[in-house]
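Here is a short note to read alongside the structure. Please keep the view open while going through the points.

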Amino acid sequence: MSDRVYPAAKPAGNGAAAPATNGGANPPFPATKAQLYNANRPAYRPQPPPRRRRHSRSCCCSCCLCTTLLILILILIVAVVGAVFYVLYRPHRPSFSVNSLQLSKFNLTDTSLTSAFNVSITARNPNKKITFFYDQIAVKILSGDVDIGDGSIPSFTHGRKNVTTLRTVISRSNNPFPDGTDISPLKSSLKSRNLPLKIQLDTKVKVKIGKIKTKNLRIRVTCDGIKISIPTGKTATSATTSNVKCKVDPRIKIIKWTV
């Protein structure tokens with residue numbers, strides 16, 4: 001019985017035998033899709049859109065530039081208005097000076113003081129187009145930080161280019177000192193018979209510029225550097241006031257503080 005010989009491969013389509021591969025082993029299977037498209041390639045992950053930093057920075061710069069220009073324009077407008085106002089009205093503060101100051105009584109004890117002063121003050125309005133309206137003026141005389149006399153001056157109208165003389169009597173009638181008041185400087189002045197003084201005026205004033213009148217503005221006038229001798233009898237003593245300077249300051253209240 002003869003052996004049958006099987007062909008090693010299927011005949012080719014044209015009748016020729018297909019060549020043997022891999023030493024006559026079975027042919028490999030067809031490649032999968034993973035093999036065809038490289039299965040080792042990392043999975044695709046979509047990237048987030050880039051941040052628009054340049055755009056936000058440009059917007060911020062534009063806002064800052066607009067704000068700066070607006071502030072500069074406002075400053076320029078205020079400067080122009082102020083310059084026009086100054087040229088038209090030439091505003092100046094009123095000035096004050098002490099004409100005379102006399103002390104006729106000064107009796108000091110450990111707990112109280114009796115004093116009497118005669119004061120004459122000159123108020124000057126140097127403005128040609130501005131009028132001042134003063135409320136009642138509270139007058140206080142101090143020696144150091146101790147109040148040694150109080151009084152008042154009636155309200156008055158201070159016209160343009162006007163000089164007004166204000167006279168009043170400042171006194172203290174055996175009033176006790178507040179608790180904690182240090183009167184040792186007063187005792188020293190009594191021994192030396194030479195008393196340093198300061199006059200303080202507090203009031204409210206309205207300003208009329210043309211037809212416009214402002215609201216009340218608090219002001220304080222301080223006249224410092226006065227020295228007077230203490231009388232020994234009934235004859236009043238007079239202070240030398242030629243070198244005394246008075247300072248005028250607005251008193252602007254901001255919440256609880258006064259500037």
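1. The structure holds two salt bridges. Please keep in mind that this is a predicted model.

2. K187 sits in helix 3 (residues 184–192), while D110 sits in the loop between strand 1 (95–108) and strand 2 (112–125), so the pair ties together parts that are 77 residues apart in sequence.

3. How exposed are the two partners? K187 counts as partly exposed because its relative accessibility is 35%, which falls between the limits of 20% and 50%. D110, at 59% relative accessibility, counts as exposed.

4. The other salt bridge joins D202 and R220, with 2.7 Å between the closest N and O atoms. Here D202 belongs to strand 8 (residues 194–209) and R220 to strand 10 (residues 217–229), so this pair ties together parts that are 18 residues apart in sequence.

5. D202 has 18% relative accessibility and therefore counts as buried, since buried means under 20%. R220 is partly exposed, with a relative accessible area of 24%.

6. The largest pocket has a volume of about 240 Å³. Strand 3 (130–134), strand 8, strand 10 and strand 12 (245–250) are the elements that give two or more residues to its lining.

7. Which residues line the largest pocket? The lining consists of H92, R93, P94, F132, Y134, V205, V207, T214, L217, I219, V248 and P250. By type, the lining of the largest pocket has nine nonpolar residues, two polar and one charged.

Conventions
Residues numbered from 1 in each chain as written. Predicted model: local features only at pLDDT ≥ 70, side-chain atom pairs only at ≥ 80, totals over all residues. Heavy atoms only, no water. Salt bridge = Lys/Arg side-chain N within 4 Å of Asp/Glu carboxyl O. Helix = DSSP H or I, 4+ residues; strand = E, 2+ residues; numbered from the N terminus. Buried < 20%, exposed > 50% of the residue type's maximum accessible area, 1.4 Å probe, protein only. 1 Å grid on protein atoms, 1.4 Å probe; cavity = no way out; pocket = protein on both sides within 12 Å on 5 of 7 lines; lining within 4 Å. Points joined across faces, edges and corners; volume = space filled by probe spheres on them. Nonpolar A, V, L, I, M, F, W, Y, C, P; charged D, E, K, R; others polar.
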